[in-house]
Amino acid sequence: MIYYGKQEINKEDIDSVVEVLKSDFLTQGPVVPRFESAVALYCDTKHAVAVNSATSALHISLLALNVGPGDYVWTSPNTFVATANAVQYCGANVDFVDINLDTYNICVNALELKLAQASLLGKLPKVVIPVHFSGQSCDMRQIHRLSKKYGFYVIEDASHAIGGRYLDQVVGSCKYSDITVFSFHPVKIITTAEGGMALTNSNKLAKRMELFRSHGVTREFTLSSDITHDPWYYQQTELGYNYRMTELQAALGISQLSKIDEFIKRRHLLADIYNRELKFLPLKLPYQTSSVYSTYHLYVICMQANSPISKIDLYQNLKDNDIITNVHYIPVHTQPYYQNLGFFSGQFPHSEKYYQDALSLPMYPSLSKRDQLKVIATIKSTLK
Ligand SMILES: *Cc1c(COP(=O)(O)O)cnc(C)c1O
């Protein structure tokens, strides 16, 4: 079977996890802070807070920014449901901004229009979460400009984009945002099995995210002179969660991070081969913005009006040949849960049109040349 995405684990990865298993700490030891420092250094960011998933990272990011009932948070409909769900966890109201049909990222023009309208209604968002779809950064300079004009925070959902670049910045630098979130799920760029991280340059936000990661409990509090605390005392100041990453996951993360540039280079090689081999077929291939270095987390093709067959036929034909493709994403607002909140089909037409046409081809560093050629040959023969 050839899947659309897959982790790459070598002996070093395994050895580093086994080493932790033999050590004193399986959780809350020295390895998680080491992984955090390594990612912060790689991304040129001050703080990194490791958690058990990107979903948790999104949740504590929103909590750190005091998002709660009555607040609005906007994101792209072309994302995994987790991005919107994290807003719901906070009791806030999620809303969406349609995508650009070149990049499949949030459309900055649509965002600007919606902000102007929301401003008149007094319903501006507290936070906007751009999603760097497929590993290609959103137009962060423009989004940053709008955040200053309209006064909202920015959380980058960079679940696809660790190791990517935007202008002269590494994604995660938070130059144009308050917080950036990564995912380390096995299909993502590097993995810790489950895992995520939230990066920020703000001392205050980092402290708050650390608090929400672990029950809202801290041992660092202002000792007032007239109270002496017992040495075992700890203090709960917020309602936090248990979102901690384990030492085993962090060890795997450190080992994986050492290979990240190699992984992404390999993804680019695979993308180049797809680009070359598929370009004369009636398919729309991924568009690349010149100011962006994508991670190619996904390689998405779109069916064209002149395609001789439908997407489902192509999907099925690939599946009959043991090639399992996937679709990213079913627009979040069309999910029954979100329809029950009042969203409706037709509301964000670009994301819906894109969803009709899109198919994610196998793309992962260990995809062999032979397997990729099989994918290409099957697509060619199906579209003939
Ligand atoms: C994978 C993903 C998430 C959720 O990541 P987890 O680590 O599985 O919680 C959120 N947003 C996007 C865009 C993703 O691709």
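**Entry 1: ground rules.** I count two strands as paired if DSSP finds at least two bridges between them. Helices (H or I, at least four residues) and strands (E, at least two) are DSSP runs, numbered from the N terminus. The model is predicted, so I kept local features only at pLDDT of at least 70 and side-chain atom pairs only at pLDDT 80 or more, while totals for chains, interfaces and linings use all residues. Residues are numbered from 1 along each chain as its sequence is written, and side-chain values use heavy atoms, with hydrogens and water left out.

**Entry 2: strand 5 and its partners.** I started with strand 5. It is joined to strand 8 by three bridges, and the two run parallel. Asp-157 has Val-181 of strand 8 as its bridge partner. I then looked at strand 4, which pairs with strand 5 in the parallel sense over two bridges.

Why do I call strand 5 largely enclosed by the rest of the structure? Four of the five residues of strand 5 (residues 153-157) are buried. For burial I use under 20% relative accessible area, with exposed over 50% and partly exposed in between (1.4 Å probe, protein chains only).

**Entry 3: the cores.** Next I looked up the nonpolar cores, meaning sets of buried Ala, Val, Leu, Ile, Met, Phe, Trp, Tyr and Cys residues joined through side-chain atoms within 4.5 Å. The largest has 33 residues, and Leu-62 and Ile-155 have the most contacts inside it. Elements giving two or more residues to this core include strand 1 (47-51), helix 3 (54-64), helix 4 (81-89) and helix 7 (203-213). Which helix gives the most to this core? I found that helix 3 does, with seven residues.

I listed the contacts of Ile-155 (heavy atoms within 4.5 Å). Leaving aside neighbours within four places in sequence, its contacts include Leu-58, Leu-62, Val-128, Ile-179 and Val-181. There is also a second, separate core of 28 residues, with Cys-43, Phe-182, Ile-189 and Met-245 among them.

**Entry 4: strand 1.** Strand 1 has four of its five residues buried, so it too is largely enclosed by the rest of the structure. Five bridges tie strand 1 to strand 9 (residues 196-200), and the two run antiparallel. Ala-48 has Leu-199 in strand 9 as its bridge partner.

**Entry 5: helix 7 and what follows.** In helix 7, the buried residues include Leu-205, Met-209, Leu-211 and Phe-212. Helix 2 (31-43), strand 1, helix 3 and strand 10 are among the elements that cover the buried residues of helix 7. At the start of helix 7, I found a side-chain oxygen of Ser-202 within 3.3 Å of the backbone nitrogen of Lys-204. After the helix comes His-215, with a positive phi near 65°.

Thr-218 sits in strand 10 (residues 217-218). Is Thr-218 buried or exposed? It is buried, with a relative accessible area of 17%. Not counting residues up to four places away in sequence, Thr-218 touches Leu-211, Tyr-234 and Gln-235. A polar atom of the Thr-218 side chain is 2.8 Å from the backbone nitrogen of Glu-220.

- His-160 has a side-chain N or O atom 2.7 Å from an oxygen atom of the ligand.
- Ser-183 has a polar side-chain atom 2.8 Å from an oxygen atom of the ligand.
- Ser-159 has a polar side-chain atom 3.4 Å from a nitrogen atom of the ligand.

Definitions and conventions
A polar contact is a pair of N or O atoms within 3.5 Å; within protein, one must be able to donate a hydrogen and the other to accept it, and residues adjacent in sequence count only if both atoms are side-chain atoms.
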